[in-house]
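Dear colleague,

Here is the structure I promised to pass on to you. Please open it next to this message, and read my notes below with the coordinates in view.

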Amino acid sequence: MTALSRQQWYLGWISIVAALGGLLFGYDTGVISGAILFIRHQFTLSVLQTEFVVSAVLMGAFVGALSSGRLADSLGRRFLIIVTALLFIVGSLLSAFTPSIPLLIFARFIVGLAIGIAAFVAPLYVAEIAPQQYRGRLVALNQLAVTMGIVGSYLIDYQFADAANWRMMLGLGVVPALILLVGMLFLPKSPRWLVLNGYVSKARQVLLKLRDKSQVEAELNAIEKSVEPKKESGALFNKRLRPVLFIGIGLAFFQQATGINTIIYYAPIIFKTAGFHHASAAILATLGLGLVNVLATVIAIPLIDKVGRRPLLLLGMTGMLVSLFLLAAGFAMPNLVTHLRWLTFASLLIYIVGFAIGLGPMAWLVIAEIFPLRVRGEGMSVASASNWGCNLLVAMTFLTLLNFMGTATTFLLYGLVTILGIAFVYFYLPETKNVSLETIEANIEAGKPMRELGESLPVVGNLLTD
Ligand code: BGC
C-alpha cells in the first residue's frame, strides 16, 4: 500500500468533516423511533399528534431541500453547511428543552430543515472538491455516516430507554453538530463555486492545497470553460437539462419507492409480524440490520470508483428484488414456510446489503455529479426534495398498505417498483466513474443521450487534458 500524500490526507479530512452532516441526517431520522414511545406516554399523545411529531423531520427536510438550491449556488456550499450546523444546534437544544408538543414539533421541523439541506449540500461540496478518480468514495463517506448515525441513534435510544430520557435522546445530536460547525469554519470553499462566482485566483489557491501543482491549471481551465456563458444552459428547466432532471428525480424516486425506509423505520413491526414475539428480540434484530447496513457500505465504498456506479447499482437492486420476492412468498405461504421469522431476517439482510452497495450511496452520489455547475445546487435541491417527498409518502402509506393489501402483496409491490428501477438504471443511467464533472457537463451541452453522459468526449478526450 502506498503512503497517502498530504493532499490525500487533506481531502479525506474535508470529506469526514462534511460527512458529519450525514451522521446527523442518520441520527436525527433514526432517533425518533425510540424516543416517541416515551414522548407519547408523557404527553398522552393522540395518534395524529404522534404522527406529527414523527413526521415533522421529514416535512422539514422536504422544505429544506426544496428551498435551498438557489442559496447553495449563490451563497456557497460551505456557507450553507455552516448554516445547517447552526440549525442542527438550535433544533436539537429546542427539542431537548421543549415544554410543549407544538414546540417539539417546531423544533423537529427545524432539525428537518437542516437535514434536508445537509443531505445534498455535503455531497455536493465533497464532489466539487474531490479529484475525479476518488470522487465516488469520498462522496459516499457521507452515506456511510448516515448509516452510522442510524445505528448510533438506536444505541443511544437503548441507553436512555430505562430512564425514559427522550430529552437526552433528541438533544445529543448537538454534539456532532457543534463539531461540524467548528470543523467547517476551517475548511476551504468549493473551488468550483469560487470559479462560478468569479474568484478564480482564490479557486487556484484552494486547488493548490488539494492537487499536485502540475494538475491545477488544467483543472482550473476546464472549470472556467464550463462556466462560460452558453446558449441555453442557464436555467434548470430548459430542454437541454430535462434528461438530467429525469435521472436525478428518477434515482430519488427509486431510492425511496423500493421501500428502504419501511425497513429502517418499521423493522421491529415487520419482525413481530414474522414471529419474533418479544419486543426486545425485534429490536435486537433491527440493530443487527443497522450494523449490516454500515458494514456493507464500508465494503461498497472502495468499489465505487473501481467497479463503477452502474454495476453496483444493478447488482444491489437485483439483491433487493430477490429479497422482496422471498418476503412476499414467505408471507403469502406462512404454512409452507416453517421458519418464517428466519426467512424474514435473511431476506431483510439481503435487502439491506443490496441497498447499501447500490441505491444507498449511489442515489446521493450521482445527483451530485450530473448537474452542470451553474445549476448544480438548484438541480440537487429538486432531486433531493423528490427524495424526501417519496420518503414521506412511503412512510405514511406503509402501515395502511399492510392493513389493506396484506404483508405479502405490499412487498410484492415494492418488488415490482424495483424491477422498474433496474430497467431505469440499465437504460438511462450514465456511468460517471473516473470522469470529470466538466466532461459530464460538456456531454450535456453536446446533447448526448443520457446513458452516454459519462463518456469521454471523442475529440478532446477528457477535458482535463484539453
Ligand atoms: C436514504 C435514507 C435511508 C438511509 C438508510 C439514505 O441514503 O436517503 O432514506 O434511511 O439511506 O441507510
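The charged end of K202 lies over the ring of Y199, at 5.1 Å from the ring's centre. Please keep in mind that this is a predicted model, and that the values here are computed from it.

Y199 also has an aromatic partner: its ring and that of W193 have centres 6.5 Å apart and planes at 35°, so the pair is classed as tilted.

F253 counts as partly exposed at 36% relative accessibility, while F254, at 10%, counts as buried. Both belong to one aromatic cluster, which is formed by F246, F253, F254, F424 and Y428. In total, the structure holds 18 aromatic pairs.

A charge over a ring is also found at Y426, where the charged end of R310 sits 5.8 Å from the ring centre.

Turning to helix α11, which spans residues 200–210, its buried residues are A203, V206, L207 and L210. They cover an arc of only 100° around the axis, and therefore lie on the same side of α11. An α-helix has 3.6 residues a turn, so residues three or four places apart point the same way. Among the elements that cover these buried residues are α1 (6–30), α6 (101–129), α10 (191–196) and α12 (213–226).

Conventions. Residues are numbered from 1 along each chain as its sequence is written. This is a predicted model: local features need pLDDT of at least 70, side-chain atom pairs count only at pLDDT 80 or more; totals for chains, interfaces and linings use all residues. Side-chain values use heavy atoms; hydrogens and water are left out. Buried means under 20% relative accessible area, exposed over 50%, partly exposed in between (1.4 Å probe, protein chains only). Helices (H or I, at least four residues) and strands (E, at least two) are DSSP runs, numbered from the N terminus. The arc is that of the directions from the helix axis to the C-beta atoms. Contact means heavy atoms within 4.5 Å. Rings of Phe, Tyr and Trp (its six-membered ring) pair if their centres lie within 6.5 Å; planes under 30 degrees apart count as stacked, over 60 as edge-to-face and the rest as tilted. A charge sits over a ring if NZ of Lys or CZ of Arg is within 6 Å of the ring centre and within 35 degrees of the ring normal.
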